[in-house]
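Subject: Structure for your review

Dear colleague,

Please find the structure below, together with its sequence. My findings follow it, and I would ask you to read them with the model open beside you.

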There are 2 protein chains.
Amino acid sequence: MAKAEPGGPSRVTVSTTGGQYDILIGAGLFSRLAVLSRKHCEEHRYAIVADDRVADLYGARAVRGFEEAGAGASLFTFRAGEANKNRATWADLTDRMLAAGMGRDTGVIALGGGVTGDLAGFVAATYMRGLPVVQVPTTLLAMIDSSVGGKTGVDTAAGKNLVGAFLQPRLVLADPEVLATLPVAEVRAGLAEAIKHGAIADEAYFDWISGSLSALLAGDVEVLSRLIRRSVEIKAEVVGRDEREAGPRKMLNFGHTFGHAVEALSGFRLLHGEAIAIGMAIEARLGERLGITAAGTADRLARVLSAAGLPTRLPTGMEPRAVVEATRSDKKARGGRVEYALLERIGAASAGPDGRWGWGVEDGEATDILNLEC
Amino acid sequence: MAKAEPGGPSRVTVSTTGGQYDILIGAGLFSRLAVLSRKHCEEHRYAIVADDRVADLYGARAVRGFEEAGAGASLFTFRAGEANKNRATWADLTDRMLAAGMGRDTGVIALGGGVTGDLAGFVAATYMRGLPVVQVPTTLLAMIDSSVGGKTGVDTAAGKNLVGAFLQPRLVLADPEVLATLPVAEVRAGLAEAIKHGAIADEAYFDWISGSLSALLAGDVEVLSRLIRRSVEIKAEVVGRDEREAGPRKMLNFGHTFGHAVEALSGFRLLHGEAIAIGMAIEARLGERLGITAAGTADRLARVLSAAGLPTRLPTGMEPRAVVEATRSDKKARGGRVEYALLERIGAASAGPDGRWGWGVEDGEATDILNLEC
């Protein structure tokens with residue numbers, strides 16, 4: 001694992017078909033938001049999009065920063081919560097930006113967690129056929145996951161992220177000091193994705209997280225910076241190999257087929273990371289049962305997840321049959337079968353039977369493994 | 001001007017950053033829609049999007065063609081008219097496709113005029129972050145203009161095409177036989193854009209159109225094929241040089257600054273091509289007055305437009321001041337000034353004072369030229 005450079009921000013460069021962009025990671029970067037945005041995404045003016053909670057904490061500071069840097073910036077807010085990541089909020093933000101006279105010469109600053117990144121990113125992707133966006137994640141999960149890869153979108157009644165677009169950001173700015181205002185449950189939820197990165201791609205990183213959990217949960221800014229950097233490196237490497245999710249990028253879906261189903265069935269009372277922790281634990285057992293995943297992998301994974309304070313079993317009362325039913329509405333269902341990303345072992349995802357990085361699993365097998373877990 | 005190959009379809013290949021695609025032009029191609037769609041855009045199933053009028057004329061034939069070719073296809077219709085090119089129709093089409101279980105393995109067939117191409121293209125661009133699209137234009141205007149270039153989008157209360165995305169089609173299929181069911185006013189409106197292509201890029205083509213107007217308006221399929229082919233070549237060449245409209249692509253906006261304003265002020269009673277004809281005639285005079293366009297150009301242009309049965313002056317009662325006011329809400333307004341694409345002469349657009357292919361014009365000059373025209 002690469003060491004963080006003491007004293008300065010780390011930089012991870014992501015290569016995409018649309019060009020390169022930087023992810024900057026470091027304490028204090030938020031105070032340089034305006035200067036760095038103007039350097040990486042030079043526009044006539046900026047539209048800062050944030051939910052009302054993040055706007056209360058950081059909105060005024062962000063606008064003032066742009067004003068001090070000599071750039072116009074306006075704040076556009078929406079009501080916090082995944083329930084508002086929908087087409088109505090997207091249309092409302094768009095209309096308010098149009099009413100404010102924002103033209104093609106505008107840069108969008110997505111300031112917030114995953115909901116804001118997805119929603120503001122989709123506003124940017126579709127506003128006058130596309131404005132550039134700077135992602136400024138304020139949750140651990142958004143820093144290591146949703147801000148990398150260019151996925152944007154909103155939910156519909158039929159499911160999560162069913163409407164959206166790919167838009168690679170011009171810059172991602174991750175300041176771990178911002179995490180000081182984040183509830184610890186949200187930090188744990190972010191750690192679930194970091195543990196996933198170790199599990200699919202880097203055993204040494206997996207073990208390092210396991211040994212660093214107390215520092216991470218205590219909010220140690222330097223240890224958090226190292227975690228963000230390594231997770232971002234892994235995700236950027238995977239996304240760079242497969243921007244449009246035709247092959248290896250699918251390994252990032254480990255834990256997500258069951259995870260999305262569990263998240264939806266919980267009525268989104270479970271945090272995304274909590275649902276993904278449950279999904280990973282069960283999908284590791286599924287992989288072992290199918291002879292794809294090395295024996296002992298599931299136990300080792302469950303131990304780290306539990307130590308991080310994350311759940312590894314279905315919530316009480318959630319029916320295995322209902323979970324399997326819910327997996328069928330996932331975007332990952334193709335040609336009638338539900339696809340799973342599975343592990344070979346800790347540190348290595350399975351390329352699948354045909355190198356397409358997904359395993360089609362029958363409903364019966366999926367139900368069996370869930371029944372065993374209950 | 002390249003000749004059409006007798007007996008077979010013509011092919012124009014468009015190069016974009018996202019790869020290449022073909023525009024096929026020829027009588028009888030519509031009957032090969034399913035086979036050609038499967039060849040250029042192989043998917044598990046197809047969603048055919050059409051307005052109710054086009055669906056009545058061609059919907060059943062299109063679906064049957066896919067069934068005969070052994071591919072599943074479903075028809076999704078919406079109410080005809082620019083007024084329905086909005087976010088509500090886009091959301092409704094999306095939801096109906098979701099309800100029908102259309103997954104990522106779906107190709108979208110945009111069957112219709114410019115409204116359908118823009119709307120179905122935007123559905124495709126945003127459905128599960130992007131489905132491939134085949135454009136099957138059924139109006140002359142859509143064949144030579146909106147089906148090339150990858151612009152998709154919908155209107156909002158604040159203006160036309162303010163929400164959208166770029167999505168290059170996998171294939172464009174233009175069958176001039178389909179134009180037999182098109183009202184002659186719509187053919188004239190299409191000719192306005194063809195005349196524009198000659199005016200900005202190819203004097204010989206401009207003169208050929210001028211000499212072929214009676215055959216074109218009589219619906220001569222071979223002459224129409226030649227027109228479509230040459231217009232598509234010009235547009236493809238311009239778009240290939242500048243996909244995102246940062247420079248030379250702006251020459252395609254000739255006639256469109258005044259044109260969009262006149263179209264909006266008419267309450268969309270004028271067809272797009274009619275409004276663009278008026279816009280071109282007046283912008284040619286503006287160019288002459290500013291010393292950018294060669295003397296005599298505006299008269300020559302107005303003569304051809306009139307011979308095609310197109311208007312060249314503001315409709316009675318439309319106020320110059322209101323037109324200038326309306327130009328200010330155009331996407332082409334940048335940094336407070338309104339931009340015009342102007343001609344040097346017939347066959348050559350002006351690269352602008354700084355090579356950015358646009359001329360900033362003061363409201364006073366714009367109002368003066370409109371007053372002279374009234």
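Two salt bridges are counted between chain A and chain B in this predicted model. In one of them, A:Asp95 pairs with B:Arg87, and the closest N and O atoms are 2.8 Å apart.

On the side of chain A that touches chain B, at least two residues each come from helix H3 (87–99), helix H4 (114–126), strand S7 (151–156) and strand S8 (159–166) of chain A. By type, the residues of this side are 12 nonpolar, seven polar and 10 charged.

As for the contact as a whole, chain A contributes 29 residues and chain B contributes 30 residues. Together the chains bury about 2700 Å² between them, and 55% of that area is on carbon and sulfur atoms.

I would also draw your attention to one residue, B:Thr126, which belongs to helix H4 (residues 114–126) of chain B. Is B:Thr126 buried or exposed? B:Thr126 counts as buried because its relative accessible area is 1%, and the cut-off for buried is under 20%. Its side chain reaches the backbone oxygen of B:Phe122 at 2.7 Å. Leaving aside residues up to four places away in sequence, B:Thr126 touches A:Phe122, A:Thr126, A:Leu162, A:Val163 and A:Gly164 in chain A, as well as B:Trp90 in chain B.

Yours sincerely,
A colleague

Methods. Residues are numbered from 1 along each chain as its sequence is written. Chains are lettered from A and ligands numbered from 1 in the order in which they are written. This is a predicted model: local features need pLDDT of at least 70, side-chain atom pairs count only at pLDDT 80 or more; totals for chains, interfaces and linings use all residues. Side-chain values use heavy atoms; hydrogens and water are left out. Helices (H or I, at least four residues) and strands (E, at least two) are DSSP runs, numbered from the N terminus. Buried means under 20% relative accessible area, exposed over 50%, partly exposed in between (1.4 Å probe, protein chains only). A polar contact is a pair of N or O atoms within 3.5 Å; within protein, one must be able to donate a hydrogen and the other to accept it, and residues adjacent in sequence count only if both atoms are side-chain atoms. Contact means heavy atoms within 4.5 Å. Buried area is the accessible area (1.4 Å probe) that two parts lose on being put together, summed over both. A salt bridge is a side-chain nitrogen of Lys or Arg within 4 Å of a carboxyl oxygen of Asp or Glu. Ala, Val, Leu, Ile, Met, Phe, Trp, Tyr, Cys and Pro count as nonpolar, Asp, Glu, Lys and Arg as charged, and the others, Gly among them, as polar.
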